Amino acid sequence: MSLAELSTLPLGTTASILGITTETVLEQRLQALGFRVGKQIAVIRKAWLGGPLHVRIGTTEVIMRRCDARSIQVQPDLIGV
Amino acid sequence: MTNSVSCNKCNPDGSPLLDVVSTAGLKQIAVLGMPNTGKSTFFNRFTGANASIGNWPGITVDLLVAKIKLGQQETQVVDLPGIYDLRGFSEDEEVVRRFLESNPVHLVIIILNATQLDRQISLALQVKHLNLPALLLLNMADEAPKFGVKIEPEQISRHLGMPVLSMSAKYGQGYAQARNLIALELSRQSEPILAGKIDKNVVSEAEFAAEMGALLQDGFLVSDAFKNTLTTKLDRVLLHPVFGLPIFFGLMYLMFQTVYTVGKPLQDWLNLLVEWFKTTAIEPLLSFLPKFPHDLLIDGVYGGMATVAAFLPVIWIFFICMAIVEDSGYLSRSAYLMDAFMERLGLDGRSFVMSLMGFGCNVPAIMGLRVMRSPALRLLSMLVIPFSLCSARLNVFIFMTTALFSASVAPLVLFSLYLFSFAAAILTAFIFKGKYPNQEPLILELPPYRFPTIKQMLLRAWGETRHFLRFAWKFIIFGVVAIWLCNNFPTNVEPASAGTISGTIGQALQPILGPIGINPKLSVALIFGFIAKEIVLGGLAVIYATKQDAGLAGAIAREIDWVQAYSFMLFTLLYVPCLSTVAVIKAESKSMKFALLGVFWSLALAWVASFVFYQGARALGF
Ligand SMILES: Nc1nc2c(ncn2[C@@H]2O[C@H](COP(=O)(O)OP(=O)(O)O)[C@@H](O)[C@H]2O)c(=O)[nH]1
Ligand SMILES: [Mg+2]
């Protein structure tokens, strides 16, 4: 499978982070929350009406808006959760 | 216990040590950590929860500080704001940097969440590169097994070059060892150390990542257990796309019902007690006084004190509930549930959480907006939060609704005021969102579900009650006495009649307040209610307490009907948040103009809402 944006990752699958392309401030905050290249990430649920994503990164769970998730590129894993 | 690595590092770049003569013999500890890692819980345990607010060189915000004795050593402990990154750009991160750069310390205590060490260790690594004497406490050790996390403190200590211990600040495991370790490290550090310029001290990103990887490899083991915990199961229900929101509002309603059903009888009971004390002790004691000072002391001063007392039960029970809500982790879930809606109002999930906090008190809620970076988002949230029906207003309304409506209707009336509170907030956001556009990202941690200990709940409730007693009573007694004087000057006319100061003010305001059903007597209560909404209740007591027979409730009910009363409550709900809120809005926005905008907008909205309600109800024949 190929490169994708986190916001398009289907529920119940995992992926590895390939890169984060956003302004420094946000990138720093993402790093502190555990978003680093190579780490595994999963989207647990998506709120309706375009609401936020609920993602798990390492042992941390965070919510983030879909537009912010767009700045995270991932490589979907071949095997599911 | 870990073998403690020597931390007696000398001052790294020889910058002059600040004046320590004034605090000779006093050693300085700074507590540092990521947000939500239990810093405050630790700080309270460590210092016995008797902190005060201190001033620090180079820092404008208030920090909590406590003086304690560790063994024989006098020690001063500062609780720094929670931060993610020492290089970060948020205000809190700036505060911590400035603190460490301008205040030499003998020891930095780093507190991290053991379960999330895989990401949080970055902060400890950053501190390591500052060459400050430090030790690391891995908190929430009680949760680690549930998440399948295993920590090797010795390994981590070896990588960091500082002592490391795991503990639970909430339940106390490992705390005694941590305290001993702190005392030991402190005794080894005779000179306080100042951090150099902080940006310079940080190594390159790649180096940093490698260091972090190596440390976690050796010291942090995790199984798959964290993917299936009680929290993940609960989330399936509470974050459900369809049931999530109804459950949320159901739970909020339940909380409000609890406060009402428990708080109301307590408030009544306390009122009786205060009244009994007045007739059996105060009145006989003061009976020798002439009428004027006698009434001033009894109706003004004692009446004001009685108002203060009447507030205590509801505040107490309300903050017991708030402690549960805040600690539960459910608030961040509400941000998830509400964000889509809030986004359409130009706000975000955090604004919603802070508005909920505003139902306790608007002031800390507005200060909590500091986590947002976008000034526009902060300003818009600041316009919205004052409409949250805070516990002071709740107290006033509990009293008024039960005085004026039958027992079965009163809770519904009160609930309708909550709905108005939401409606006003939504309308405000909708109107002003164009003026304050923002593109602030929303990224928020979801902590696991937790329940506070009884001690935590009592501490919180007591803290708020004490705060209220310390600060509010002066305002309230001042306000109530002022209203009494307005009602009784000049002394040659009937109290509260048209000839008194109140009467004059009330008459002058009739062109504005008449159309919304507020009579001249009530006007004065509203004016002083600007200082603090609590005064409105004390003011009513003064205004209607002239006839002793039926008590306040009966006296009010005889003079105004429910349409007037509801209009009055609506106005009280919406008009100008209290003086403290205005002051904090001015301080946080750094703009008098903006604070005034908030004042005028809320006044206008209050008037229009009351006008539409009052005239509408009258037109319908009520
Ligand atoms: N399970 C557990 N929870 C804790 C512990 N210490 C703190 N907490 C909880 O973690 C949350 C955040 O604590 P707080 O002291 O406010 O963290 P701060 O933001 O770092 O000041 C609260 O719900 C605490 O009750 C601990 O040792 N174990
Ligand atoms: Mg705290």
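In which loop of chain B is B:N36 found? In this predicted model, B:N36 is placed in the loop of chain B between β1 (27-33) and α1 (39-47). The backbone of B:N36 has a phi near 65 degrees, a positive value in a residue other than glycine. The peptide bond leading from B:F489 to B:P490 is cis, and its omega is near -15 degrees.

The interface of the two chains was examined next. The size of an interface is often given as the accessible area lost when the parts come together. For chain B and chain A the buried area is about 3400 Å², of which 56% lies on carbon and sulfur atoms. On the chain B side, the residues that lose the most area to chain A are B:R119, B:Y336 and B:I443, which together account for 21% of what that side buries. The contact involves 42 residues from chain B and 34 residues from chain A.

Salt bridges were then considered. A search of the whole structure returns 29 salt bridges over all chains, and 4 salt bridges are found across the interface of chain B and chain A. The side chain of A:R65 forms a salt bridge with that of B:D339, with an N to O distance of 2.8 Å. The side chain of A:R65 also meets that of B:E343 in a salt bridge, at 3.9 Å from N to O. This latter pair crosses between chains: A:R65 belongs to the loop between β5 (60-64) and α2 (66-69) of chain A, while B:E343 belongs to helix α10 (residues 330-344) of chain B.

Two packed helices are described by the angle between their axes and the distance between the axes. Helix α10(B) packs with helix α11 (residues 349-358) of chain B at an angle of about 120 degrees, and their axes are 7 Å apart. The two helices α10(B) and α11(B) are therefore oblique to each other. The crossing of α10(B) with α11(B) is right-handed. From α10(B), the residues B:L331, B:S334, B:A335, B:M338, B:D339 and B:M342 meet B:G349, B:R350, B:S351, B:F352, B:V353, B:L356 and B:M357 of α11(B). The contact of α10(B) with α11(B) comprises 8 nonpolar, 3 polar and 2 charged residues.

Helix α14 (residues 391-404) and helix α21 (residues 562-574), both of chain B, pack at an angle of about 175 degrees, with their axes 11 Å apart. Accordingly, α14(B) and α21(B) are roughly antiparallel to each other. Their contact is made by B:R393, B:F397, B:M400, B:T401 and B:L404 of α14(B) together with B:A565, B:F568, B:M569, B:T572 and B:L573 of α21(B). By class, this contact of α14(B) with α21(B) contains 7 nonpolar, 2 polar and 1 charged residues.

For helix α18 (residues 520-529) and helix α19 (residues 534-544) of chain B, the packing angle is about 150 degrees and the axes lie 8 Å apart. This angle makes α18(B) roughly antiparallel to α19(B). The helices α18(B) and α19(B) cross in a right-handed sense. The residues B:K521, B:L522, B:A525, B:F528 and B:G529 of α18(B) are in contact with B:I535, B:V536, B:L540, B:I543 and B:Y544 of α19(B). The contact of α18(B) with α19(B) is made up of 8 nonpolar, 1 polar and 1 charged residues.

Conventions:
Residues are numbered from 1 along each chain as its sequence is written. Chains are lettered from A and ligands numbered from 1 in the order in which they are written. This is a predicted model: local features need pLDDT of at least 70, side-chain atom pairs count only at pLDDT 80 or more; totals for chains, interfaces and linings use all residues. Side-chain values use heavy atoms; hydrogens and water are left out. Axes are lines fitted to C-alpha atoms, for helices over the stretch in contact, and angles run from 0 to 180 degrees between N-to-C directions. Helices (H or I, at least four residues) and strands (E, at least two) are DSSP runs, numbered from the N terminus. Angles under 35 degrees count as roughly parallel, over 145 as roughly antiparallel, 65 to 115 as roughly perpendicular and the rest as oblique. A crossing is left-handed if the near helix is turned anticlockwise from the far one by less than a right angle, and right-handed if clockwise. Contact means heavy atoms within 4.5 Å. Ala, Val, Leu, Ile, Met, Phe, Trp, Tyr, Cys and Pro count as nonpolar, Asp, Glu, Lys and Arg as charged, and the others, Gly among them, as polar. Buried area is the accessible area (1.4 Å probe) that two parts lose on being put together, summed over both.
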